[in-house]
Amino acid sequence: MSNLGKKVTSGFFWRFGERVCAQGVTFIVSLIISRILGPSSYGMVALLLVFINLSEVLLTAGFGNSLIQKKNSDDIDFSSVFYFNVIFSIVLYLIIFFAAPFVEDFYGKDYVGLTSALRVLAIRIPITAINNVQQSYVSKNMAFKKFFFATIGGSLSSAVVGITMALNGFGVWALIAQYLFNALVNTLVLWFTVKWRPILAFSFERLKGLISYGWKLLCANLFFSLSNNIRSILIGKFYTSSDLAYYNRGKQIPDLMADTLNTSILSVMFPALCKIQNDKEQMKALVRRAVKTLSYFLAPVLFGIALLSEKLVVLVLSDEWIGAVPFIKIFCISGMLQPIMKPCQQVTKALGKSGIFLILEIIKCTITILFLLITLKFGVIYIALGYICSSIIGMFIDIYIGGRMINYRFFEQFLDVIKPVFVSTIMYILLSFIDCIKISPIFIILLQIIGGIIFYLLASIFTKDETYLFLTKKIPFLKKKSN
């Protein structure tokens, strides 16, 4: 195996382990706190995060990718971005600080106390400014093991803080403290484990060179983040905080699974693609591997979540959260579009086609807003269904443009994803019959999870699934079993 191949494989497993542990801890903690606080408080924090996430896109989306994409980026590049990020983050914080009262007035009585909550949570922005350069350095050098310890430290410590505060009646502040503490510990651990430090150097020329590539990606990611968050902004305005909580919780659960895999694979894939950007055949092979692997894991997981959603919500979150179930099922569908959509986006960025990437995001954002305007007055469920429609159109745009750049034809893309989707559909149908058995919901959930794993593995073995066979050669435990 080539040195790059070893780095990609090692990076994936470290990144995957980090994401599984971090997302798992964060998810469990959010379930516990959500059960204690209820939908109304959760809806408040969901709205706060929309403004924080949009601000963080301005910090992370442009220069970070530029540092990774630039082949010969050095300490002057990283240091220039570091100092710029810190200054810019302070400006962003001050804007949010003074705008917070106007935001609270805009949303009205359902969001009393939003001003102070937003001002405190926005402290995460300067922390993110420092963390972003650290993460870019780690990704550039494909040292993904560093992420594991930083993220686990942040997740576990913030879990203790969040749950303790929720149990002691701090309400919304428990969630705010959890988010802040997670970001702070993550940044501190990365600071002490990564050898890089900013030097006393700043170059406007270097920044200008990075901006020429990065500003288009920044705008593209801003459009993406806007199209992703504008629904929450308008649901918070025209519907109740509980409606927003159901929508966000319903989106968060499938997204959690999809993001775990997407981040694990794509964060390793992007720097790898940048290194081989002159070899289109090798790029195509890497993209196909990513598409097949994402599809192989995501299809059964998302079909399983859709099947178990109602029983799990009632059991884990209580009947108070039953309104989130339809949204979970809807967003499981959108999650299935990502295995083929996300890798093709990475191709466009890795080849330095940031202008094309920006144009595509503007088109997709426009489509998203059109569907939102059409569905807004009909209810939150229709807003979510409109999201699915716009996502399907966006997927076809991405796979056509990205695939064309590396001669990855649509028929090849279809073949790479159809098998796990078909097997997962059969699995869903067969496991749904277990719901007819008159036993405890806990036992039904266990039967369906165990049955789903066994069925999917047996189907992979009997059909000699190419991705399964590939993984048995890469994972030592599976390799011993297959021998």
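**Ground rules**

I'm working on a predicted model, where local features need pLDDT of at least 70, side-chain atom pairs count only at pLDDT 80 or more, and totals for chains, interfaces and linings use all residues. My numbering starts from 1 along each chain as its sequence is written, and side-chain values use heavy atoms, with hydrogens and water left out.

**Whole protein**

I counted secondary structure to begin with: the protein has 19 helices and zero strands. Both are DSSP runs numbered from the N terminus (helices are H or I with at least four residues, strands are E with at least two). Next I checked burial, and buried residues make up 55% of the 483 residues. For that I call a residue buried under 20% relative accessible area, exposed over 50% and partly exposed in between, with a 1.4 Å probe and protein chains only. I then looked at contacts, meaning heavy atoms within 4.5 Å. Of those between residues at least 6 apart in sequence, 83% join residues at least 24 apart.

**Helix 4 and helix 5**

I took helix 4 (residues 75-107) and helix 5 (residues 114-121), whose axes come within 8 Å and cross at roughly 160°. My axes are lines fitted to C-alpha atoms, for helices over the stretch in contact, and the angles run from 0 to 180 degrees between N-to-C directions. The two helices are therefore roughly antiparallel. My angle classes are under 35 degrees for roughly parallel, over 145 for roughly antiparallel, 65 to 115 for roughly perpendicular, and oblique for the rest. I noted the crossing of helix 4 and helix 5 as right-handed; that label applies if the near helix is turned clockwise from the far one by less than a right angle, and left-handed if anticlockwise. On the helix 4 side I listed Y93, I96, F97, A100, P101, V103 and E104, and on the helix 5 side L114, T115, L118 and R119. By class this contact has eight nonpolar, one polar and two charged residues. I count Ala, Val, Leu, Ile, Met, Phe, Trp, Tyr, Cys and Pro as nonpolar, Asp, Glu, Lys and Arg as charged, and the others, Gly among them, as polar.

**Helix 12 and its two partners**

Helix 11 and helix 12 pack at about 180°, axes 9 Å apart. That puts helix 11 roughly antiparallel to helix 12. I found L298, L302, I305, A306, S309, E310 and V313 of helix 11 meeting V325, I328, K329, C332 and G335 of helix 12. The residues of this contact divide into eight nonpolar, two polar and two charged.

Then I turned to helix 12 (residues 325-335) with helix 15 (residues 380-405): the angle is about 10° and the axes are 9 Å apart. This pair is therefore roughly parallel. Helix 12 brings P326, F327, I330, F331, I333 and S334, and helix 15 brings V380, I381, A384, L385, Y387 and I388. I get 11 nonpolar, one polar and no charged residues there.

**Past the end of helix 15**

N407 sits in the loop between helix 15 and helix 16 (410-432). Its phi is positive, about 60°, although N407 is not a glycine. N407 is exposed, at 52% relative accessible area. K284 itself is buried, at 17%.

K464 lies in the loop between helix 17 (441-462) and helix 18 (466-474), and is exposed at 62%.

**Two buried residues**

V133 is in helix 6 (residues 124-140) and is buried, at 0%. I see V133 touching F78, V81, F82, N85 and W196, not counting residues up to four places away in sequence.

R249, in helix 10 (residues 241-275), also counts as buried, at 0% relative accessibility. R249 and G323 are 74 residues apart in sequence but 9.6 Å apart in space, C-alpha to C-alpha.
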